[in-house]
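Here are a few notes to go with the model you are about to open. Have a look at it first, then read on.

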Amino acid sequence: MKPVTNLRLLSVITLASSSLFFSACEKKAADSTEGAQAEQAEQAVDTLDSLTDELIVQLNQYADIVLAVKDAATAQEAVTNLNTVADAIAAIAARLDKIEMPDEAANIAVDEKMKTASMAIKQKMQAAGEIMSNEEVAGILIPALQNFGKRMAEQEKVFMRFGSQKNKAPQQQPAPAAT
């Protein structure tokens, strides 16, 4: 058995949490941390397309947070920021759970949008490997990424209702062990 390195662990965590989004999520994400933005989002009529856009924003924010980590201090900031993104995605899932099922054409369009976004985010995340070579950073970031993945798994049932995944059973992702 090969030893588990921090880089390998990051890869597993990123794959596990991103596969929950990219395989199961066909929704949007909004970066509505401002009170006015949140209020405006509530007043707008939610659609599968609009919520998918919001989800994509949050998934990009997730990647940006991880990629911004350079040392232990920025890793600590990332923990807080990842929780904020997880909260935003949970709020999107709650709103998504209230919308009516779209027609097949809308599901297909969302699948295409998520496929394009997921490829871009996965490409962006390839640069995250070097971040995890710092053991102090990895010790802070790995538990935060595991928590993020668990929180996203809680939303999977809602996300599975839409897109091409709507007739498939949720995937069980094993939680990676910390080193």
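Which kind of contact do the side chains of Arg95 and Asp46 meet in?

1. A salt bridge, with 2.7 Å from N to O. Keep in mind that this is a predicted model. Arg95 sits in helix α4 (residues 72-96) and Asp46 in the loop between α2 (35-43) and α3, so the pair ties together parts 49 residues apart in sequence.

2. How exposed are the two partners? Arg95 is buried, at 17% relative accessible area, while Asp46 comes out as partly exposed at 22%.

3. Arg151 is buried at 19%, whereas Asp87 is partly exposed at 44%.

4. Another salt bridge joins Arg161 and Asp97, at 2.7 Å from N to O. This pair links distant parts of the chain, with Arg161 in the segment after α6 and Asp97 in the loop between α4 and α5, 64 residues apart. Arg161 is partly exposed at 25% relative accessible area, and Asp97 is partly exposed at 43%.

5. Finally, the helices. The axes of α3 (residues 48-67) and α5 (residues 104-125) come within 10 Å and cross at roughly 10°, which means that α3 runs roughly parallel to α5. Their contact involves 14 nonpolar, 3 polar and 5 charged residues.

Terms used. Residues are numbered from 1 along each chain as its sequence is written. This is a predicted model: local features need pLDDT of at least 70, side-chain atom pairs count only at pLDDT 80 or more; totals for chains, interfaces and linings use all residues. Side-chain values use heavy atoms; hydrogens and water are left out. Axes are lines fitted to C-alpha atoms, for helices over the stretch in contact, and angles run from 0 to 180 degrees between N-to-C directions. Helices (H or I, at least four residues) and strands (E, at least two) are DSSP runs, numbered from the N terminus. Angles under 35 degrees count as roughly parallel, over 145 as roughly antiparallel, 65 to 115 as roughly perpendicular and the rest as oblique. Ala, Val, Leu, Ile, Met, Phe, Trp, Tyr, Cys and Pro count as nonpolar, Asp, Glu, Lys and Arg as charged, and the others, Gly among them, as polar. A salt bridge is a side-chain nitrogen of Lys or Arg within 4 Å of a carboxyl oxygen of Asp or Glu. Buried means under 20% relative accessible area, exposed over 50%, partly exposed in between (1.4 Å probe, protein chains only).
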